[in-house]
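Dear colleague,

Please find the structure below, followed by a short account of the findings.

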Amino acid sequence: MLLTRPFPDLNETLQSYVIRLARANHYSIETWAQYLSQESAPVRTKDLNSRKQLVSFLSRVTGMTEVEKLFDQWQFYNTDKNFFDYKAVKICPLCISNNGSKLYAPWTFRYNLCCQSHSCLLVDTCSTCGHMISERCIHSIKCQNCGLLLSEFKVQNVQSDIFSSRISQKVSDGILNERESLLDELSWQYSTLEAFSLLVYEENQANWRNKRGYSLSDKHNHQIAVSRLMENEELLINAIKKYAQGQFEKGTTDLGKALMKFSKYLVDEVNPAILLSVKKLIGWGKFDDQISIGVIFLSKLYGLEQENFKQYLQNHVSTTGFKNRAIPASLAAKVVSEYLEFK
Ligand SMILES: [Zn+2]
Ligand SMILES: [Zn+2]
C-alpha cells in the first residue's frame, strides 16, 4: 500500500505525518482516510485506544517507530479540547515553504498565535480569498478554493504575546512529552486569559466574547493587551480599578460584589498577579465614602480567620466603621493591618 515512506519529523504532529503519507503516495485525503479506517481506526477517532491502534498501525506499515513519538492533539479531544484548535489548521507559511509542508505541533495550541522563528502571525485562512485552511489544503499545499500556494500566503510581522512565547519556550524544553506539565501550562493559559479578558473586554474588545468572526489578528491583539497588563503592575491595578468603577456606576456599592467575576482567581493562588493587584488597590484606599468591603471577602483575600476578624471589627466599631457585615473600603487596608498587629 505504501511505496513511499517519508521519515517522521519529531516537530510535526501525527496529523501532519498522516497527510504527508497520503501526499507522498499520491492518495487523496479521502482514499487514505478510508483505508486507515478499514485497516485500523478513523484518523479523527477520539477514543484513546483506537488512537493507540492507529499509531501502532502507522508505525508498522511505515517501519518507522518514531511515529509513536509524534504529538497527537486528538488524544486530548474528550478531556481538554478547549486548549487546542480542531476546526481550523494554523500554519506559518514561511515554515511550510521550507519544511516540506509539515504541520508543527505548537501550531495546534489554541493560544499560540505566532511563529517565533519568523516573528510573524500564524494564519488560518487564505490571504487572497479568505477560505479556511483545511487538511486538504495542506495535502495539496495550496488553497482549495483559489489555488494560491500555501508558501505564497501573506505573512504579517508581529511582536509575540506572552502566551505564544511561553508555548514556544516550553515546547523547546520538551513539554510535548510531559502530559501533566503540558496540561498544567495550558490550563494556566486558559484561566489567565479568562481572568484578564474581563479587564481587557472593558476596553472595547468585544470580539473576545463574540468568538465568531474573530480572526487570528483580533485574537493576537487581545493577547497583546492581556500581556501588557500582565507585565505592568500599575496598568493592571488601574484596569481593576476601572473595572470596579464600572460596576459601582451600575449601582453596586460593595467592592467584593463589584469584583465577583474575579472571585475564583482571588481565593487561591491561581493568579497571584490579580490577587496582589486587588490588595494594592485596597491599599491605595482611594474609594468614595459609600463603597464598602464585606468581612467574608476581606477574610478570604487576606487569609484571615473570619469569626475572629468579625469579632475584632465589632469590638472596635469606632475605628473600623463596621456596619452590615462590612467596613468602608477606604479604611480596609488600615483596619486589616491593625487587626494583624492586634492578633
Ligand atoms: Zn515560521
Ligand atoms: Zn484562496
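How far apart do the C-alpha centres of domain 1 and domain 2 lie? They lie 29 Å apart. This is a predicted model, in which local features need pLDDT of at least 70 and side-chain atom pairs count only at pLDDT 80 or more, while totals for chains, interfaces and linings use all residues. Residues are numbered from 1 along each chain as its sequence is written, and chains are lettered from A and ligands numbered from 1 in the order in which they are written.

The protein chain is divided into domain 1 (162-233) and domain 2 (251-342), with bounds from an automatic or database domain assignment. Six residues of domain 1 and eight residues of domain 2 take part in the contact (C-beta atoms, placed from the backbone, within 7 Å). On the domain 1 side, helix α8 (residues 179-201) supplies the largest share, four residues; helices are DSSP runs (H or I, at least four residues), numbered from the N terminus.

Within the chain, helix α14 (residues 295-302) packs against helix α15 (residues 306-315) at an angle of about 125°, their axes being 10 Å apart. Axes are lines fitted to C-alpha atoms over the stretch in contact, and angles run from 0 to 180 degrees between N-to-C directions. Helix α14 is therefore oblique to α15 (angles under 35 degrees count as roughly parallel, over 145 as roughly antiparallel, 65 to 115 as roughly perpendicular and the rest as oblique). From α14, the contact uses V295, I296 and S299, and from α15, Q306, F309, K310 and L313.

Yours sincerely

Conventions. Two residues are in contact if their C-beta atoms, placed from the backbone, lie within 7 Å. Helices (H or I, at least four residues) and strands (E, at least two) are DSSP runs, numbered from the N terminus.
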